[in-house]
Structures are given as C-alpha cells and as structure tokens.
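Here is a short note on the structure, written as numbered points. Please read it beside the sequence and the coordinates.

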Amino acid sequence: MATITECRDALDKLADNLAGAGGDVRGAAALDRTLSCHLTDLDTTFTGRLSGGRMAVESTVAGPPPQKAQIRLAMTGDDLVALVDGRLNFAKAWASGRVRLEAGFRDLLRLRSLL
C-alpha cells in the first residue's frame, strides 16, 4: 500500500508534468479550478488548485474532502502512484470504477486530453 508521502510525491510529479506540458495538455490544464483527490484506502484528501497550467497542492486533510472542489478525484493511493508512473491507464481505471472523477460537463470535456 502506498504511503501518504509516496502519494504526495506522485502529485508533485504530476504537477511538474503539467507545468512542462505543451499543446492540448497545456490548454486543458489552463483551467482555474479547485481540486481534491481523496485516497480511499488512506482516508486522506489532498486539496489544491489548477490554475494557469499549474497544479498546486495546498493542504492534506484526514477523511473525505471538507469542501466540494470543482474537480474531484477518488482512488486508492496505489492507483494514484500507478497512474502518475504510467503503469495504469486512466480510461480503463475510470471505466472499471477504480478511479472516480467528478466535475462539470465542460471541465470534463477539457480534461479529457489530460487523461
């Protein structure tokens, strides 16, 4: 089972990847939205913001998200690490229910190039 530190490192790696991305990925990441990523097995939520093509993790809280973010993810810590490392395909994980993504319809359309 992935630790909170490993999950935080994975989110930092994802943030670095987004910051260095170009083309469609950069455009999709240019949203200005609040984010939450609930790690179901660790019962921990990372909250932050996606803004100007960058993702910033602002806090870590125990339990489910304290406030409803505009873009919400939920998965296990192992799945988060595997997604960021490229060992788990997001579309397959989402279709099988391993990863949950909730956002407004327009945000989902823009985010599809990230996923």
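In which strand is the place of Gly 48? Gly 48 lies in strand β2. The model is a predicted one, and the points below should be read accordingly.

1. Gly 48 and its surroundings. With a relative accessibility of 7%, Gly 48 counts as buried, because the cut-off for buried is under 20% relative accessible area. Leaving aside residues up to four places away in sequence, Gly 48 touches Arg 33, Thr 34 and Leu 35, and also Ala 56, Val 57 and Glu 58. Thr 34 is 14 residues from Gly 48 in sequence, while their C-alpha atoms are 5.9 Å apart.

2. Strand β2 as a whole. This strand covers residues 44-51, and six of its eight residues are buried, so β2 is largely enclosed by the rest of the structure.

3. Pairing of β2 with β1. Strand β1, residues 33-39, pairs with β2 in the antiparallel sense, over seven bridges.

4. Asp 43. This residue is in the loop between β1 and β2. Most residues other than glycine have a negative phi, so the backbone here deserves a look. Asp 43 is partly exposed, at a relative accessible area of 41%.

5. Pairing of β2 with β3. Strand β3 spans residues 54-62 and pairs with β2 in the antiparallel sense, over eight bridges. Thr 47 has Ser 59 of β3 as its bridge partner. β2 and β3 also form a hairpin, here with two residues between them. In that turn, Gly 52 has a positive phi of about 60°.

6. Helices α1 and α3. How do the axes of α1 and α3 cross, and at what angle? Helix α1 (residues 4-19) and helix α3 (residues 77-85) have axes that come within 9 Å and cross at roughly 30°. Angles under 35 degrees count as roughly parallel, and α1 and α3 are therefore roughly parallel to each other. Their crossing is left-handed.

7. The contact between these helices. From α1, the contact involves Glu 6, Cys 7, Ala 10, Leu 11, Lys 13 and Leu 14. From α3, the residues are Gly 77, Leu 80, Val 81, Val 84 and Asp 85. Sorted by type, the residues of this contact are seven nonpolar, one polar and three charged.

Technical notes:
Residues numbered from 1 in each chain as written. Predicted model: local features only at pLDDT ≥ 70, side-chain atom pairs only at ≥ 80, totals over all residues. Heavy atoms only, no water. Axes fitted to C-alpha atoms, helices over the stretch in contact; angles between N-to-C directions. Helix = DSSP H or I, 4+ residues; strand = E, 2+ residues; numbered from the N terminus. Parallel < 35°, antiparallel > 145°, perpendicular 65-115°, else oblique. Left-handed = near helix turned anticlockwise from the far one by under 90°. Contact = heavy atoms within 4.5 Å. Nonpolar A, V, L, I, M, F, W, Y, C, P; charged D, E, K, R; others polar. Buried < 20%, exposed > 50% of the residue type's maximum accessible area, 1.4 Å probe, protein only. Pairing = 2+ DSSP bridges.
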